[in-house]
Structures are given as C-alpha cells and as structure tokens.
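Please walk through this structure with the text at hand, moving from its sheet to its helices and then to single residues.

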Amino acid sequence: MRKILETERLSLREFNLEDSDFVLKLMNSPKFIEFIGDRNVRTDADAKEYLKNNLIKSYKENGFGLWVVALKETDVSIGMCGLVNRETLEDIDIGFAMLPEYLGMGYGYEISNATMSYAKNTLDLDKIVGITNPNNIASIKLLNKIGLRFEKTIELSEKDTVLFFSTPTDTKEETEISKLTTRFFSLFTNVGGKIPNVEDIEDIFISNGIIISNTHGVPEIYNINEFITPRKKMLSDGTLTDFSESEILHKTEIYGNIAQRFCLYKKSGKLNGSYFESRGMKTIQFIKVGLNWKMSSVAWSDEK
C-alpha cells in the first residue's frame, strides 16, 4: 500500500484489491453514476476486476492513476482523486469523486489542489487538464478553484460530451478581468437587506457602454443610465428581493488591449414575493483603458 501524499486532514494512497468494498460503494453512489458514469460494478467480484484492470493497471503503465482519499486521523476511505491518462485526450486530466456523506466539507479542494502540486513538482508533468459533465456544477467550481478554466466542449465518445478545462496562459490579465466581472455581478445583490451599489456600474464600464438582453430574440438595448434607473428601483422598492447572481463557469480570451468572456451564470431571488431561480449565458466585452480593464458591452440570454 504505497502512500502518495498527505494534507492537513487527508491522505492519498494507491488502491489494492482489499479496497473492493469501498469501490463498490463509491461507484454505485448516485452522483458518481449521474456525473461520472455507470461502470457496471455490481458485485465484489466486479469491483476486484475493475481494480485490477483499471486502477491498479494504471500505476504499472503510467506511474500514476486514481488513488484512495482517506481521512488521515482514522484512515477511513472517503473518495478517490488522481490523474488519468486517457486515449481520447492529448493531456493528463485530474479526476475526483467523494462519497455523498463527505461532500461540502472542503475535502475535494484540499486533495485536488495537493494532487495538482504533486503532478507538477514530483511527477514533472507540465500540463494537467480537467473534464466534467456539463451539469456537475460542484465539479465545475472545483476545477476553477484549482486554477483550471473552461476552454471548450468536447466529445469523449458518441454519447459522452464533457466540458474541457485547461490552465490559462495569461493569468495576471485574466485575474483582473475576473475581479471586474465578479464586481459587476455583485452590484445587484440585495440578499439579507444589503443595499445594492448599482450606480457603481459607471465605474466598471466605459462611458458609452451598452447592455443588451436578448432572451426572447428581440434585443432590449440600454445605455448605462437607461439600465441603472429601473434596476435600482426594483432592487430597493421591494419588487425584487433576496436577489443574487454569480458565474458557474467562464471562458476568457485576451488579445492585446481587448478581451471577451463567455460565462454561464445562475441567479435567484424573489420577484413580487415569488421565489425564482434560473441560469443563462452572458457575453462580456472588455477594452483596456490605460492600465485598467473596462467593460464595453454585456449581452445575455436566460434559459427559457
């Protein structure tokens, strides 16, 4: 049983055939089947076969693979994390899965971040990518958190379309654009009685910026002042309460002094007392003014 690494709360080690009970439980958990896939592991014999021909085989062929995530204090197995060398991808990708009862505790980020460091510093792997089911919001957020950014949608097979994440090439510029985008989304938040700072949009945009809603195929085009006035009223007079919106995933492209960002986002709140939530896509255009990035336009379409 070879240990790979340790973090503050977790350890990572190689799988062995004695892990068959754990593999059987993990691979038949609802989120594993929904987001990663049904591996048809139904019995202890199936689990041992999968261990032998997939997980353990990778250690021999590649020198790495998916490893057991365990609680360091008790040695209880709670998930898997590691590196996968797929025939369908040019690069090595990071993979992770947790038992349902251990989700939402920060274990995924803790072990994935450590795995990324191990891949770079110990295995000397220059590039690690990530793939995930388009509906796996938690996985998307985790990939973003460990430094990977959405690049494109790819087909691993005829019936397996995934989102592909890679390391951004211009992290400093993208960080500034990400901060500006986060600031833009936060301007409209009035959760818990917070007073929204809608007027600050004037500092985010160039003076003649435009904002376009195109959910219904008939563009509603606003200049900055036209956009601010009705939204400030809705967010302060009780029409729209407990409102917030944020990015789920994004892709940013930068060329010199111009940039664009496509982002899938979610929003929720109460409109005239009725709760709602939805998702949509925004495209944001940026230009660099002096040393600072500014938005020049935002267009969006909500899911119907």
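The paragraphs below take up the sheet, a helix pair, one serine and the cysteines in turn.

This is a predicted model, in which local features need pLDDT of at least 70 and side-chain atom pairs count only at pLDDT 80 or more, while totals for chains, interfaces and linings use all residues. Residues are numbered from 1 along each chain as its sequence is written, and side-chain values use heavy atoms, with hydrogens and water left out.

The sheet is open and mixed in its pairing, with 6 strands in the order β10-β9-β14-β13-β12-β11; strands (E, at least two residues) and helices (H or I, at least four) are DSSP runs numbered from the N terminus, and two strands pair if DSSP finds at least two bridges between them. At its edges lie β10 (220-223) and β11 (240-255), each of which pairs on one side only. Neighbouring strands are turned by 20° against each other on average, direction ignored, where axes are lines fitted to C-alpha atoms, for helices over the stretch in contact, and angles run from 0 to 180 degrees between N-to-C directions. Strand β9 (residues 205-213) pairs with β10 in the antiparallel sense over 4 bridges, and I210 stands opposite N223 in β10.

Helix α5 (residues 137-145) touches β11, β12 (258-271) and β13 (274-289), and its direction makes about 55° with that of β11. Helix α6 (residues 171-186) touches β9, β11, β12, β13 and β14 (292-302), at about 160° to the direction of β11.

How are two packed helices described? For helix α1 (residues 20-27) and helix α3 (residues 44-62) the angle is about 95° and the axes are 8 Å apart, so α1 and α3 are roughly perpendicular to each other (65 to 115 degrees). Their contact involves S20, D21, V23, L24 and M27 of α1 together with D44, A47, K48, Y50, L51 and L55 of α3.

Returning to the sheet, S296 has its place in strand β14 and is buried, with a relative accessible area of 17% (buried means under 20%, with a 1.4 Å probe and protein chains only). Not counting residues up to four places away in sequence, S296 touches F205, I206, G209, I210, Q285, F286 and I287.

Finally, C81 is buried at a relative accessible area of 0%, and C263 also counts as buried at 0%. A search of the whole structure finds 0 disulfides, a disulfide being a pair of cysteine sulfur atoms within 2.5 Å.

Technical notes:
Contact means heavy atoms within 4.5 Å. Angles under 35 degrees count as roughly parallel, over 145 as roughly antiparallel, 65 to 115 as roughly perpendicular and the rest as oblique. Buried means under 20% relative accessible area, exposed over 50%, partly exposed in between (1.4 Å probe, protein chains only).
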